[in-house]
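The exercises below are to be worked through with the sequence and the coordinates at hand, and each task is followed by a stepwise solution.

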Amino acid sequence: MRAMVLQRQCEALQPKDLPIPQPRARQVLIGVCACAVCRTDLHVVDGELADPKLPLVPGHEIIGRVVAAGDAADRFRPGDRVGVPWLGWTCGECDYCRSGRENLCPRARFTGYQIDGGYAEYTVADERYCFAIDARFGDAEAAPLMCAGLIGYRTLRMAGEARRIGIYGFGAAAHIAAQVARYQGHEIFAFTRPGDTAAQQFARSLGAVWAGGSDEAPPEPLDAALIFAPVGALVPAALRATAPGGVVVCGGIHMSDIPAFPYEILWMERSVRSVANLTRRDGDEFLALAAKIPIRTETVTFPLLEANEALARLRQGKLTGAAVLIPNTA
Ligand SMILES: [Zn+2]
Ligand SMILES: [Zn+2]
């Protein structure tokens, strides 16, 4: 099978012919229909996340069809369409796993990081961590739901009952979170790179009541801010834009260092927190909601062999919505 492979961090992916993987016990073999490109893939490729499996097939927003199953796998049948997310395996035994917080399992293994992922024609995944995908979504359209959607949803949930929600970084996760937030009755204030009028227009088209640069103050103080851009300097910026009692939620796996800031912008019971990974319960809840709303994802498709180009476009901030790799189109 064709695959795009990371041999060493900080190098371009290499096209390779690899043997089709064989599903073990609880795994299914999946023919990949689409795999979205996540900022986390960039962090892995660019060396900002340590110790990936190497060589590695990246990609953890996979939509595909089950081709075969391991001896102990019985959840799906050949032909079923499934989604494979970032959370690839957890121990099931630790305090986190046993208290509904498998996203924090210290032994968790992640797709496209410690487990080969979806930048390939085939992949294997543990069936217990796969999701059934509603027929209303096309393959490419469904792919960004697997991480941008899920993490965006978990991040939004941490905003609680906030009415006015600021979103910093209006990319793949934000464009999905904004639709959920609007459906739930929140007001969205979108912050983009200063001067990025295209992203601001995109945010308004998704129902944002205000859109501007991250260097601007919103017209009213925010009750919560979600940060999806990997820029630590946005944390104090978001705190300054947030009302007393508000929360700033960092939705990314990596950020540049957060600059020192005066205590007064945290004072008055503001808080800063991060969101890590996902639980399978997040996935079940979010995918049901996504079908009901229904979420519409904005995608730009690339043939699998153009994965490096897709990563470059994401790195440069030149994408509206999510990049999605499609095998068998090159
Ligand atoms: Zn565990
Ligand atoms: Zn991701």
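**Exercise 1.** Which residues make a nonpolar surface patch of about 380 Å²?

*Solution.* The model is a predicted one, in which local features need pLDDT of at least 70 and side-chain atom pairs count only at pLDDT 80 or more, while totals for chains, interfaces and linings use all residues. Residues are numbered from 1 along each chain as its sequence is written, chains are lettered from A and ligands numbered from 1 in the order in which they are written, and side-chain values use heavy atoms, with hydrogens and water left out. The patch is made by Tyr263, Trp267 and Met268. Tyr263 sits in the loop between S14 and S15, and because its relative accessibility is 56%, Tyr263 counts as exposed (over 50% relative accessible area, 1.4 Å probe, protein chains only).

**Exercise 2.** Determine how far helix H6 is covered, and by which strands.

*Solution.* Six of the eight residues of H6 (residues 234-241) are buried, that is, under 20% relative accessible area. These are Leu234, Val235, Pro236, Ala238, Leu239 and Ala241. They pack against strands S10 (164-168), S13 (222-227), S14 (242-250) and S15 (271-274).

**Exercise 3.** Identify the residues that touch the most other members of the largest nonpolar core.

*Solution.* This core has 98 residues, and those touching the most other members are Tyr119, Ile165, Ile167, Phe170 and Phe286. Helix H4 (residues 172-183) gives the most to this core, with eight residues. Apart from it lies another core, of 17 residues, including Leu239 and Met255.

Key
Helix = DSSP H or I, 4+ residues; strand = E, 2+ residues; numbered from the N terminus. Contact = heavy atoms within 4.5 Å. Patch = residues over 30% accessible without salt bridge, like charges linked within 9 Å, V, L, I, M, F, W, Y side chains within 5 Å. Areas by Shrake-Rupley, 256 points an atom, 1.4 Å probe, with all protein chains shown as cover. Salt bridge = Lys/Arg side-chain N within 4 Å of Asp/Glu carboxyl O. Core = buried A, V, L, I, M, F, W, Y, C linked by side-chain atoms within 4.5 Å.
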